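Reader: Hello! Could you take me through a close look at one part of this protein, and then show me how a few other spots compare in setting?

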Amino acid sequence: MKIKLKIQQKIQIFIITASILIYLIALGYISINARKMAYNDAIIVTDKYVGEVAKDIKAQLDADMSVVKTLSNAYLVYESMPNPEWKHLFEQMYIKVFSKNPHFYALWDSWELKVIDPNWTKSIGRYSMVVAREMDGSLIVDSSYRSMETESRIYDKIIKHRRIPSIWEPYLDEYTVGENEQQLMTTLNSPIMNNGQYVGIVAIDITLDNFQKLVADIKPYEGSYSYLVSYEGTIAGHPNLEFLNNKLEDVFPEDYVNNDILEKIKAGEAFNYISKDENGVETYYSYSPIHVVDTNTPWSIAISVPVKTIMAKAILNFRISLIVGILGILLMVIIIAIIGRNITNPITKITVLLKKIAKGYIDETMRINIKTRDEIEEMANALNQSVNGLNNKVEFANSIGQGKLNEEFELLSEEDILGKSLLEMRASLVKAEEEDQKRKIEDEKRRWINEGLAQFGDILRQNNDNLEKLATEIIMNLVGYLKANQGGIFILNDDDKENIYFDLLSSYAYDRRKFMQKQIELGEGLVGNCAIEKKTIYMTDIPQDYMEITSGLGGSNPNSLLIVPLKLEEEVLGVLEIASFNIFEKYEIEFIEKLAESIGSTLSSVRVNIRTNELLNRSQQQAEEMAAQEEEMRQNMEELKATQEESLRKSTEMEGLVEALNTSSFVIEYDLDGYIQSVNDYYLNLVGLSREEIVGTHHSLNMEFTAQQKDAYDNFWRELRAGKIQKETTKVKVNNKELVFAETYTPLRNEEGNVYKILKISTNITDYHT
């Protein structure tokens, strides 16, 4: 037997029962897992905390290592500087860097003498510079030569790992300038490398006091502490100062063996374990690596937390949660009872209204008024909105049925499917009516274009033998057909290939033909640009003072201007220009562009016919001129023959003169720089040398000049290059015999009148000179 319950009763029974059951299950689950969850959360927090501390320490060491690397890289300039200069420069750099880093204990370097000193022959020996700080804050700078005979134990260990930066194991200060107290410290070093060769090292010594203070302050939980461990397992920081500089294997012998602590530190791993401390208390240890930039010897920071400290907070939280949960259940029972009563009353009213709608009944009075300020009120408002929407849809559907397609209608929302369907139905009806109107307009445009093309086709066929008449007929009919105001046709005139322009062949305005003479150059104004670009130009934004400057037409100020090229296979034969007070429609522009193609083809045919006639007339005229020219040419040939005979006679005489000159004188040709280009056999026989030994030698060969003679010699050749003839008498010893020559240097000019070589004619006047 099923029990029929009201909504309020169901809410109270089901919700309260389910809430109590869920709470009991959750409480049991929390009881079982609270310890584990609290422990895991504490572990995560502890590991994250020690990781953040590791990042802080890494950041400090990375910053110091960056200073060292920057200095080591800067030292590569030593090769280009003298030793005293770079030593002084590096000393100033050390002091400046050291002053800006007060936590530096010392800053030092070490240079291999066998690399920086080319005179050093030993394999050992170093030059070192140190900058340190006194107790009073003043700086000490010391430089010295070290390991001149044997290498030190520490430096020998450094150079084994010299190719990469490194951080040293903690040590008590062994090198102190000006003070005797030893401190626990470490060193950051960076090698100086040059093309793979070890040059030296730059390093800074820093005390571990800052890290000791940092470690002492790390206490995230009561009874917790932290400590800093080096790569080799040396304790570099610990709240208990007795453990400083001791090995982990001595402080935590059992943990060291059981958990492979040193191997994990060297591997740079983050790890943790639980062990009992020296007092037998169960303790959680967490290690996080510290990777100093570019080094391969990571350190670690560790934190120790008693497990009971971690669990104490979890137990307290569990007890508080239990109390809060019980109070919450009692409050929930009361609230559910009140909510159930407030929900059921409005739902009853809504149910009555929905039953009426389900039966298809709808009118303006179907509304309910609920003010609960919750989802119930939203449900009632939504129902009222649905009723209003249905009433509006009924009225809208009736209007559409009556043909009233402009009636306004608003959707209830973007999800109002019924409303969208009604709007789509109206849109379909409106679209059908609009498409019918567009179809009629497009048919009218096509009819207008076809009639126009047919009309102008007749004009082009009837007037293809007279270019001017053809242009006049086209522009008159086109202006009238477009109902424009004025127009003109410009025809290409390329008779003179050096002066190509467009002639205004015909123009028409306001039902009258205009008799105008006008020429437009290529690129001039709109018409010239249209011809160059071979594209239609259409303008509607035309200034009121529009004149011939921007258009090929004069007269009125049009509101629209259309300029179309008359082309045939991309060759512009003319330009058509139409101006109107009306705005040209797109289909009118397309019509004119199609017509322009036909006009261009016709213009080409007419131009060909005209030129054919011109060529025929010209050929007849040229035939007559040719006959006259043939007679004139015959006479010229007779005169040319006589001239050639005279030239041959003079050439024969010139060859005789040259031959006589070559047998009686020494002839040498020089270029403008004084080098021999050619020499005659008479001179070669005199000096007893071959032509190959002479050609290419300089005029001044074997000559020795004083400074004054050198100036005179240079001036001698400047005068020759300037075109002035030079004469001089020269004494030359040939075969132990001294000869005297009278020499004439003559500059020779080319067709442009420029001097291009020097001709020397030399005569032996020894017999006349003795």
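Author: Happy to! Lys534 is partly exposed, because its relative accessibility is 32% (buried means under 20% relative accessible area, exposed over 50%, partly exposed in between, with a 1.4 Å probe and protein chains only). This is a predicted model, in which local features need pLDDT of at least 70, side-chain atom pairs count only at pLDDT 80 or more, and totals for chains, interfaces and linings use all residues. Residues are numbered from 1 along each chain as its sequence is written, and side-chain values use heavy atoms, with hydrogens and water left out.

Lys534 sits in the loop that joins helix 13 (525–533) to strand 17 (537–539); helices (H or I, at least four residues) and strands (E, at least two) are DSSP runs, numbered from the N terminus. Its phi is near 60°, a positive value in a residue other than glycine. Most residues other than glycine have a negative phi. Glu570 also has a positive phi, near 65°, and lies in the loop between strand 18 (560–568) and strand 19 (571–580).

Now for a strand residue. Ser762 belongs to strand 24 (residues 755–764) and counts as buried because its relative accessibility is 3%. Leaving out residues up to four places away in sequence, Ser762 touches Ser665, Phe666, Phe741, Ala742 and Glu743, where contact means heavy atoms within 4.5 Å.

Finally, a helix: Phe211, Gln212 and Val215 are buried in helix 5 (residues 209–217). Seen down the axis, the buried residues of helix 5 fall within an arc of 105°, so they line one face; the arc is that of the directions from the helix axis to the C-beta atoms. Exposed Lys213 and Asp217 are on the face of helix 5 turned away from its buried side.
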